[in-house]
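Let's take a walk through this structure by way of its side chains, looking at charged partners and then at aromatic rings. Keep the picture open as you read.

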Amino acid sequence: NIIQYSGIRPGVEMASLAWKDVEYKSQDGQEYVKLITTTSKQKNPEQQGKTRVVIAMKQLQPHLEEIKRHKNCYDESGFIFAHPPTTQLPSKFIGKPIKSFKAQWKSFSYFAGIASEEEEETKETKTLYSIRHYYMEQRLINSDVSLVALADNTGTSPDVILRWYREAASESFASSLSKVIEREQS
């Protein structure tokens with residue numbers, strides 16, 4: 001749900017999320033969830049570990065609150081995705097961030113009917129990163145978010161978004177592009 005409602009990357013960005021990095025906010029009557037994440041896409045090694053703000057849709061809030069209700073999953077001063085005390089891993093992992101969700105995603109995909117073994121053999125499986133793609137495409141199709149704002153929020157460039165989602169982006173600009181320009185008569 002965090003990827004679906006914010007567009008952050010699975011892996012480093014999700015693993016870096018701590019409860020202290022989450023704020024429920026409102027601006028101009030619009031509620032949202034502010035996340036501070038460590039970005040994983042820095043080309044300059046000196047900028048590795050740099051944080052960025054991600055604005056998530058308000059629909060994320062009830063999912064975060066549900067996680068908090070489970071005492072084994074919630075530590076106010078810890079990471080959102082941390083190994084719980086009930087982990088079968090060595091105790092040194094308890095409370096440390098989960099860095100890979102690949103196995104959990106694979107199990108969930110089969111359980112939910114998102115993936116099948118046939119897809120696995122043909123390499124057509126949906127990855128956790130597919131949810132990030134879904135987020136960006138849906139934001140372009142269903143909202144008035146500018147390409148620049150979407151790129152900034154997802155930690156990528158408008159160029160990359162256009163390369164991947166050109167068709168969806170074209171449709172999202174249709175309303176403004178099709179308006180008749182009224183010239184002033186002088």
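Lysine 25 is partly exposed, as its relative accessibility is 30% (under 20% relative accessible area is buried, over 50% is exposed and anything in between is partly exposed, with a 1.4 Å probe and protein chains only). Its salt-bridge partner is glutamate 23, and the closest N and O atoms of the two are 4.0 Å apart. For a salt bridge, a side-chain nitrogen of Lys or Arg has to lie within 4 Å of a carboxyl oxygen of Asp or Glu. Glutamate 23 is partly exposed too, with a relative accessible area of 35%.

A quick word on what you're looking at: the model is predicted, so local features need pLDDT of at least 70 and side-chain atom pairs count only at pLDDT 80 or more, while totals for chains, interfaces and linings use all residues. Residues are numbered from 1 along each chain as its sequence is written, and side-chain values use heavy atoms, leaving out hydrogens and water.

Back to the charges. How many salt bridges does a search of the whole structure find? The search turns up eight. One of them joins glutamate 65 to lysine 68, with 3.2 Å between the closest N and O atoms. These two sit three residues apart in helix 3, so about one helical turn separates them. (Helices are DSSP runs of H or I with at least four residues, strands are runs of E with at least two, and both are numbered from the N terminus.) Glutamate 65 is partly exposed at 30% relative accessibility, and lysine 68 is partly exposed at 24%. Elsewhere, salt bridges with shared partners link Arg9, Glu13 and Arg52 into one network.

Arginine 52 belongs to strand 3 (residues 51–57) and glutamate 13 to helix 2, so their bridge ties together parts 39 residues apart in sequence. Both of these residues are buried.

Now for the rings. Rings of Phe, Tyr and Trp (its six-membered ring) pair if their centres lie within 6.5 Å; planes under 30 degrees apart are stacked, over 60 edge-to-face, and the rest tilted. That rule gives two aromatic pairs. Tryptophan 19 and tyrosine 74 make an edge-to-face pair, 5.0 Å centre to centre with 80° between the planes. Tryptophan 19 is in the loop between helix 2 (12–15) and strand 1 (22–27), and tyrosine 74 is in the loop between helix 3 (60–69) and helix 4 (102–112), so the pair connects parts 55 residues apart in sequence. Tryptophan 19 is buried at 7% relative accessibility, whereas tyrosine 74 is partly exposed at 24%.
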